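I am opening a notebook on a structure that is new to me. I want to set down what I looked up, in the order in which I looked.

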Amino acid sequence: MNIDLLLYIVLFSQIMFLSYYYPRRMLIRIHTIFKNYPPNEFPKLYPESIDKYKKLAKRYQIMNHLIIVLGFGLIMWFYVTPRTGEWDQVIVFWYFMIQFIPNMGIELWSRNTHKTMRLLNQDAQKEAALQPRRLTDFVSKEFLGTVFAIYVIFLGFNVYINQFNYSWYGGYLNVLIISGFYLFCGLIIYKALYGKVKNPHQSYEDRKIDIQTIIRQILSIVIAVTLYAMLQILMKASGLESFKAISVSLYFHVIGFLSMQWPHLAFINFDVYKDKPGLTK
Amino acid sequence: MKIIIDSSLSSPLFKQLMNQIKNAVTAGLLKPGDTLPSIRQLANDLELNHNTVAKAYQLLERDSVIQTKGYRGTSIHGDAIQNSTVNMNDSITTKLSETIKSLRESGATDSEIRIAFSNVMKNQ
């Protein structure tokens, strides 16, 4: 199959997966919450007017539609423009960054909502579990072992590649970058485990589920990034650079899939958002 | 086991923490050797200042209800059950009462006792 045709197919898939399917799932989730947990019964869930949240959801939808149009325009541009392929990977990467913007908006929306919840929370009582939280409470030792093993393989891989003295090879700078990324992800995990309570109404059981989801997602992304870094070096060494744009697009599919592991709404305790304490799980 | 603090009560927050941990020990909900969350974890979960939790832990350690072993964290002391029933304030009040009674019997006035107490507190 022609490499360009493959790129168009994979890029089309990236557009539809990350700017159509993913936002559609997100919006279904948001509208289900609006419908099943309305403000009159669950006032603490809506620190501001529900109309504001509906507008934000609409804005999210429109942004993704515009990004889909941009993506189709990008494919057309790839088709009609004579290219050498060197910049394809960069363009695909920056298109993904644009696709990511509406989801950053959702994250900011969530943080602002929690902040407003904290400001409005007049509950004088606070509760906490008297057990220490440990990383192994949320993720298996085997999973952690896998992450460590992949890091060691990455180190060994760089030592192996270094002996060929490729002019383009960044050497141990790759190790520094990946190690820095591991540290950064470690900080995110640490903050998830021991950081401040974001949602003052969330039950402790739901918070534990959130912590587990975050940790598993981060560790999966760490594995994906490390494997992808090795793949990129291998492709360059093997003269398969023409496939780089395709591989980066497929990599973003993986990242998108890993980001979609949300807890099912049926398992979340929404009673905590009622005015009076309801039954807890 | 959960701990609940109430900022609307007149009792200081660190006292509420201390009392609940001591009550949990005497009720058998916390046993010698059980580990407690770190100061950071508990402070963030209860949305308290770290110093409040640190003070509670410090006083519990003074009373030998908990013990801290560096990186291994904080755990319930081996003698926590009997130590949890000891009330430091009651103990201080009893000793002070005996001392004041003895000083009065030896002829010291309340004013002299108060001045001497204040000087001793300043110098120590």
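My entries below go from the outline of one chain to single residues.

**Ground rules.** I note that this is a predicted model, in which local features need pLDDT of at least 70 and side-chain atom pairs count only at pLDDT 80 or more, while totals for chains, interfaces and linings use all residues. I number residues from 1 along each chain as its sequence is written, letter chains from A and number ligands from 1 in the order in which they are written, and take side-chain values from heavy atoms, with hydrogens and water left out.

**Chain A, outline.** I looked up the secondary structure, where helices (H or I, at least four residues) and strands (E, at least two) are DSSP runs numbered from the N terminus. Chain A has seven helices and one strand, and its order along the sequence is α-α-α-β-α-α-α-α. Along the principal axes, the C-alpha atoms of chain A fill a box of roughly 65 × 45 × 25 Å.

**Chain A, burial and surface.** I use buried for under 20% relative accessible area, exposed for over 50% and partly exposed for what lies in between, with a 1.4 Å probe and protein chains only. By that rule 43% of the 281 residues of chain A are buried. The chain exposes about 16300 Å², of which carbon and sulfur atoms supply 65%; accessible areas come from the Shrake-Rupley method with a 1.4 Å probe, and for residues only the protein chains shown count as cover. I then turned to contacts (heavy atoms within 4.5 Å), and found that, among those in chain A between residues at least 6 apart in sequence, 79% join residues at least 24 apart.

**Salt bridges.** I searched the whole structure for a side-chain nitrogen of Lys or Arg within 4 Å of a carboxyl oxygen of Asp or Glu, and the search gave 11 salt bridges over all chains. One of them joins Glu107(A) and Arg111(A), with the closest N and O atoms 3.1 Å apart. These two residues stand four apart in helix H3 (residues 88–120) of chain A, and therefore about one helical turn separates them. Glu107(A) is partly exposed at 39% relative accessibility, and Arg111(A) is partly exposed at 46%.

In chain B, Arg62(B) and Asp63(B) meet at 2.9 Å, N to O; Arg62(B) is partly exposed at 44%, whereas Asp63(B) is buried at 12%. I also noted a network of salt bridges that links Glu127(A), Glu205(A) and Lys2(B).

**Backbone angles in chain B.** Which residue has a positive phi of about 55° although it is not a glycine? I found Glu47(B), which sits in the loop between helix H2 (39–46) and helix H3 (50–62) of chain B and is partly exposed at 35%. Ser64(B), also not a glycine, has a positive phi near 55°; its place is the loop between H3 and strand S3 (66–68) of chain B, and its relative accessibility of 25% makes it partly exposed.
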